[in-house]
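Biologist: I have not looked at this structure before. Could you take me through its side-chain pairs and then its overall form?

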Amino acid sequence: MKHVFVAGATGYLGRHICSQYKRQGWRVTALVRNAEHAQGLCADHIVEAQATWPEALEGLMAGMDLVVSSLGITRQADGVGYWDVDYQANANLLAEALRAGVPRFAYIHVLHADRMSSVPMVAAKSAFVRKLQAAPIRATVIAPTGYFSDMVEFLDMARRGRVWLFGDGSQRINPIHGADLAEAVYDAIAANATWCNIGGPETFTQTELAHLAFATLNRPDRITYLPDWLRRAAIRIVPKIAPRSIAGPVHFFLTASGMNMVGDPHGTRHLADAFRTCTDTSP
């Protein structure tokens, strides 16, 4: 039986990756920062360790056939930033994988990272990707577009009564469900791919996402289009005035929302169904 080591296992995607590999008959070891957050995790073995501490990883990857890392943070907090986690923690994982002789390392990156080098979160991820590609190990880099879980922001705005968009709302995205992405990750690694840009089966403009959100709630459309210069100005201003826990994700969102985020289509799950599930489970 093959054995996979999954880092970032308690995250949205990490949980789906663990489940996917279990379904495929692999033995799964999940690395978690806090075991209390691992309830319901589909894994044979759960290891509680801080990937930011290289000594905490010693010996954990012996006998592994594969390491898959979706490790990263969205918000910088508690004195820990993107370079500590998205870069250094993954570099620690890579170093231990090399020491243990693991034959393959897969990493979850971000689509169009080359166009977002000024975004701190993406810069840290890209620096790790360069390190991974230079290492003496077979590597697979997965660059997904937005997740269904990210698109819930459109539903939340619609609940509040209005969706705010920058520009004319024509930028496109094909978001993907975590389970579909996990399947695509598995297939890419099995095919020995070195890089895959991955999106979901349906492509939407931002305006179409707003329409879908209002339709799901059975409410009339109320969409306001803001001039795009406000988005570009906010990119310059927000990092200077906002706490870094807010500035980081906002900088990424503002940058990504100004471009088409369309990856190669994968999967079968539909965003409309995910939106309906969100409304069905709402109080």
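Biologist: How many salt bridges does the structure hold?

Modeller: This is a predicted model, and every value I give is computed from it. A salt bridge needs a side-chain nitrogen of Lys or Arg within 4 Å of a carboxyl oxygen of Asp or Glu. The number of salt bridges in the structure is 10.

Biologist: Which residue forms a salt bridge with arginine 159?

Modeller: The closest N and O atoms of this salt bridge are 3.0 Å apart. Both partners belong to helix α4 (residues 148-159), and being 3 residues apart they are separated by about one helical turn. Arginine 159 is partly exposed at a relative accessible area of 29%. Its partner is aspartate 156.

Biologist: Is arginine 160 buried or exposed?

Modeller: Arginine 160 forms a salt bridge with glutamate 153, which has its closest N and O atoms 3.3 Å apart. Glutamate 153 is partly exposed, at 34%. Exposed means over 50% relative accessible area. Arginine 160 has 61% relative accessibility, so this residue counts as exposed.

Biologist: Which residues are linked with Asp180 in a network of salt bridges?

Modeller: Side chains of opposite charge can pair when their charged atoms come close. Here the network joins Asp180 to Glu183 and Arg269.

Biologist: What kind of aromatic pair do phenylalanine 105 and phenylalanine 128 form?

Modeller: The structure holds 6 aromatic pairs. In this one the centres are 5.9 Å apart and the planes make 55 degrees. Phenylalanine 105 is in strand β5 (residues 104-108) and phenylalanine 128 in helix α3 (residues 120-134), so the pair ties together parts 23 residues apart in sequence. The pair is tilted.

Biologist: And what kind do tyrosine 107 and phenylalanine 128 form?

Modeller: Tyrosine 107 and phenylalanine 128 are both buried. Their ring centres lie 4.8 Å apart, with 70 degrees between the planes. Planes over 60 degrees apart count as edge-to-face, so this pair is edge-to-face.

Biologist: What radius of gyration does the chain have?

Modeller: The chain has 9 helices and 12 strands, and 49% of its 283 residues count as buried. A compact globule with 283 residues would have a radius of gyration near 19 Å, and the value for the chain agrees: 19 Å.

Notes. Residues numbered from 1 in each chain as written. Predicted model: local features only at pLDDT ≥ 70, side-chain atom pairs only at ≥ 80, totals over all residues. Heavy atoms only, no water. Phe/Tyr/Trp six-rings, centres within 6.5 Å; stacked < 30°, edge-to-face > 60°. Helix = DSSP H or I, 4+ residues; strand = E, 2+ residues; numbered from the N terminus. Buried < 20%, exposed > 50% of the residue type's maximum accessible area, 1.4 Å probe, protein only. Rg over C-alpha atoms; globule rule 2.2 N^0.38 Å.
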